[in-house]
Amino acid sequence: MLFSVVIIDLIGFGIMIPVLPFYAREFGASGTTLGLLFSAFAAAQFLCAPLWGRLSDRIGRRRVMLMTIAGTALALLGLGFARSLLWLFLARAAGGAFAANIGVASAYITDVTPEQERTRWMGMLGACFGVGFVLGPAIGGLLSPYGYAVPMFAAAGLAGANWIHAAFSLPEPPARALGLAGAAPAGVLRVPLIRRLCVANFVFTLAVTQLETVFAIFMGNRFGYDALEVAVLLIAMAVLMGAIQGGGMKTLAARWSERSLAIAGSLLLAVGFLVLPQAPSVALLLVPLALCAVGRAILQPALMSMVSLAAEASARGSVMGTFQASASLARVLGPIAAGWLYDRQLGAPFFLAGALLVAVAVQVRGLPSRDPASYPPPLVEL
């Protein structure tokens with residue numbers, strides 16, 4: 001039930017990905033302004049993710065999920081009615097505040113899964129992203145010829161339907177994992193392993209935002225692609241990611257430690273980003289895009305599993321919320337850097353991303369491997 005709610009939530013988000021850059025251009029947005037628009041969303045996520053996580057430790061995961069889904073629907077509705085850049089920025093900031101619920105969903109999974117199955121189920125959460133980013137961009141691309149505001153209204157309607165679905169079908173996880181005072185973000189970051197994982201997640205997200213921010217306009221400027229054609233490429237990447245995370249992570253996690261998977265994913269992403277801007281044709285561009293999809297599909301759930309294993313039962317929401325906040329902070333800074341670099345040299349954001357991912361691989365190499373002695377013992381029997 002949780003995964004179905006998350007999938008619908010992410011479809012609504014995915015609808016905007018191929019459309020928003022073109023929608024913002026209608027209001028006169030430059031590459032730098034587009035980066036700031038993405039940053040407004042992420043800044044609100046950064047501020048709200050730890051708050052939602054801590055609140056879910058206190059009042060329950062279900063209540064927080066319902067509140068954030070309702071807020072998402074209203075924010076998307078406001079986005080569709082935007083009449084100026086300022087309006088667009090305010091709607092995106094509101095959307096970011098309510099979209100900061102992935103940490104709560106991650107904590108929900110941590111509540112109900114045993115440690116030995118954690119990487120597999122975090123991979124399934126990643127597969128929800130894949131499904132959402134297959135259907136979302138497809139819907140957005142198909143609706144874009146009717147006007148760039150139309151996909152925003154479709155996303156708002158979908159979010160409203162999702163609230164009804166969640167209200168009737170999403171149960172509260174076992175009470176034993178809830179109702180305990182969550183740790184404040186500063187307290188969470190005092191744990192060395194959690195702090196190092198949050199830093200790795202920050203650098204990883206800083207890298208992938210380079211692609212997310214400028215890919216649509218890069219394809220438009222380099223190959224003359226429009227929103228629909230960009231959506232097709234994003235769908236292909238999402239299908240590949242979803243296939244690995246939904247079906248392959250169980251096998252991979254059984255054979256290799258989370259640390260090994262994170263290192264491999266980082267290096268695959270690094271190679272993909274470094275090669276991407278040098279591709280002379282769309283056909284050859286598919287190779288680095290595939291490397292990026294595979295690398296991200298492996299790296300993201302491995303990091304999420306490692307941080308969930310380091311979280312105590314009483315602070316799972318706070319830990320996962322802080323982990324998400326580290327990504328949100330990167331989404332504040334990353335789009336600004338991507339837009340600024342892109343306005344100066346088309347390939348610069350991708351070269352920066354490649355260098356950052358090499359740094360992630362180096363940092364992850366120093367983290368403990370999947371050894372029961374390396375993580376805190378479980379505080380509750382699952």
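Mentor: Let's start with the term itself: a salt bridge is a side-chain nitrogen of Lys or Arg within 4 Å of a carboxyl oxygen of Asp or Glu. Keep in mind that we're looking at a predicted model.

Trainee: Okay, what lets side chains pair up like that?

Mentor: In general, side chains with opposite charges can pair once their charged atoms come close. Here, D111 and R61 make such a bridge, with 2.8 Å between the closest N and O atoms. D111 sits in helix α6 (residues 102-112) and R61 in helix α4 (residues 61-80), so this pair ties together parts 50 residues apart in sequence.

Trainee: Are D111 and R61 buried or exposed?

Mentor: Both D111 and R61 are buried. R61 also bridges to D57, again at 2.8 Å from N to O, and D57 is buried too.

Trainee: Which helices do E212 and R296 lie in?

Mentor: E212 is in helix α10 (residues 192-223), while R296 is in helix α13 (residues 282-309), so the bridge links parts 84 residues apart in sequence.

Trainee: And how do I read the burial of that pair?

Mentor: Check the relative accessibility, where under 20% means buried and over 50% means exposed. E212 comes out at 30%, so call it partly exposed. R296 is at 14%, so R296 counts as buried.

Trainee: Which residues do shared partners join into one network?

Mentor: That would be D57, R61 and D111, joined by salt bridges that share partners.

How values were computed
Residues are numbered from 1 along each chain as its sequence is written. This is a predicted model: local features need pLDDT of at least 70, side-chain atom pairs count only at pLDDT 80 or more; totals for chains, interfaces and linings use all residues. Side-chain values use heavy atoms; hydrogens and water are left out. Buried means under 20% relative accessible area, exposed over 50%, partly exposed in between (1.4 Å probe, protein chains only). Helices (H or I, at least four residues) and strands (E, at least two) are DSSP runs, numbered from the N terminus.
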